[in-house]
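The model comes first, then the details.

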Amino acid sequence: MALTVSTATQSPSRLDTISEIEPTQVAPAKPTLLIVDDEEGPRQSLRIVFKNDYQVLLASNGQDALDLARKHEVDVVVCDIMMFGMSGVEVLKELKEMDDSIEVVMLTAFETIETARQALRFGASDYLNKPFDIPTMRSAVKRAADKHRSALEFRKTNEHLHELQQMLQDQRMREEMARAQGEIYASVLHDINSPLTVISGFVELINRSMENAASVEGEQLAKIKGDLNTLNGQVGRCFEISRRYLSFLNKQDDAERARVGANQAINDLRDLLVRHPIARGHELTVTGLAADAIADINGTDFLQILLNLTINALQSSDTPHRVEVTCELLPTPLDISAFPDGPEMRFINRDGFSNVTPILAVSVTDNGPGISAQTIARMFEERFTTKPPDRGTGLGLSIVKRLIREANGAIAIRTKMGKGSTFTAYFQTI
Ligand SMILES: Nc1ncnc2c1ncn2[C@@H]1O[C@H](COP(=O)(O)OP(=O)(O)OP(=O)(O)O)[C@@H](O)[C@H]1O
Ligand SMILES: [Mg+2]
């Protein structure tokens with residue numbers, strides 16, 4: 001079996017031209033042309049025609065041609081259709097399967113023209129009749145080589161694009177993560193702020209009651225013990241808040257997702273706020289459910305939502321006003337269409353709300369100044385606040401929105417300037 005590999009050297013004229021254009025660049029490698037013909041004559045004459053411009057590989061049968069194509073990066077193949085053993089069309093199919101950018105020019109005798117036409121359907125780039133004339137053969141191979149080069153360039157561009165997309169995606173992911181981390185740190189600080197305020201208030205109370213006492217006993221001791229108990233609870237809450245956010249940062253699923261009864265959260269809210277400096281001078285009433293229910297949300301998240309809404313209601317005005325927290329179990333689904341977004345109304349998490357009964361509705365109502373149309377449109381944005389810097393960070397409602405979304409709950413806001421506002425949070429129950 002005659003199998004020759006020719007590695008003809010670069011033509012001097014070609015090298016000269018290249019070095020003139022770009023002296024520092026290495027001359028590009030010649031394209032590789034594989035000639036497959038079981039007749040020695042055409043094989044050798046084709047080699048002579050192309051040896052200056054191509055690295056020419058010769059194969060006398062289909063199997064050897066495929067072996068060569070596996071070992072070398074072949075750009076163009078000239079392949080006879082009628083051969084012993086594997087036919088030219090079979091070789092074409094296998095080559096295309098190996099790498100569909102390989103371009104194949106079929107050589108055909110008159111009687112195999114129909115087969116050659118079929119070969120075009122299998123992806124051959126051209127077919128030439130035997131005997132061929134050299135200029136026609138040259139231009140057919142050149143066309144095939146050009147097509148191959150374009151296909152490779154296209155592939156490379158595509159790969160580049162893909163890489164770029166991947167990089168963008170990674171960058172976006174990193175930015176998302178960094179943003180989420182920033183948000184979480186800010187949330188921890190924000191949420192820990194209210195128990196810390198209570199803690200410092202209690203420490204102050206205890207200090208004062210012990211200031212002039214040589215010894216503490218009886219009723220005073222019992223009171224201090226009670227205060228220390230509350231203090232301890234608040235410290236526990238600080239730990240719980242940071243533990244929950246940090247476990248989120250570490251991507252741990254909050255497996256235990258401790259639920260609490262609505263009334264326990266309502267009682268905690270009352271305990272926390274009645275002695276909170278924020279409630280001083282205002283009238284705060286907090287009423288639980290007649291028959292308790294469990295909201296489908298982590299207990300700390302639930303309390304955090306109620307705290308933020310109630311503190312906002314208390315802060316809505318400095319002049320003494322009333323804030324009322326009430327709970328209700330709804331036996332029928334909410335008619336969401338009754339809450340169109342407008343200057344006096346907002347509905348948060350319309351698309352994500354799982355409107356499954358019974359629904360726990362907790363309302364926080366104040367008879368403060370009400371919310372303007374401009375504020376109601378923006379108040380759930382992160383860092384949007386109308387308060388002075390020492391009173392508000394603008395994070396409260398953005399945290400509430402995130403927690404509500406995570407719980408597939410919703411919030412409806414109704415307000416009237418001069419009359420006050422009601423924020424109702426809806427939760428699924430379990
Ligand atoms: N009950 C309410 N009455 C009037 N305005 C309200 C009420 N609740 C919220 N707002 C408005 O929405 C804004 C955003 O509230 P949000 O809780 O996000 O931030 P904040 O209370 O300003 O600051 P932070 O909660 O971070 O201490 C408030 O600054 C206020 O203008
Ligand atoms: Mg707030």
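A pocket is an open set of points on a 1 Å grid over the protein atoms alone, with protein on both sides within 12 Å along at least five of seven lines; lining residues have an atom within 4 Å of a point. Grid points are joined across faces, edges and corners, and volume is the space filled by probe spheres set on them.

The model is predicted: local features need pLDDT of at least 70, and side-chain atom pairs count only at pLDDT 80 or more, while totals for chains, interfaces and linings use all residues. Residues are numbered from 1 along each chain as its sequence is written.

The largest pocket holds about 1000 Å³ of space. Its lining has 40 residues; Asn312, Gln315, Lys387, Arg391 and Gly392 lie nearest the centre.

Elsewhere, strand 1 (residues 32-36) pairs with strand 2 in the parallel sense, over five bridges. Pairing requires at least two DSSP bridges. Leucine 34 faces leucine 57 of strand 2. Helix 2 (residues 40-50) carries the chain from strand 1 to strand 2 in a right-handed β-α-β crossover: clockwise from the first strand over the helix to the second, with the strands pointing away from the viewer.

Threonine 32 belongs to strand 1. Threonine 32 is buried, at 7% relative accessible area; buried means under 20% (1.4 Å probe, protein chains only).

Notes:
Chains are lettered from A and ligands numbered from 1 in the order in which they are written. Side-chain values use heavy atoms; hydrogens and water are left out. On a 1 Å grid over the protein atoms alone, a cavity is a set of points where a 1.4 Å probe fits but cannot get out, and a pocket is an open set with protein on both sides within 12 Å along at least five of seven lines; lining residues have an atom within 4 Å of a point. Helices (H or I, at least four residues) and strands (E, at least two) are DSSP runs, numbered from the N terminus. Buried means under 20% relative accessible area, exposed over 50%, partly exposed in between (1.4 Å probe, protein chains only).
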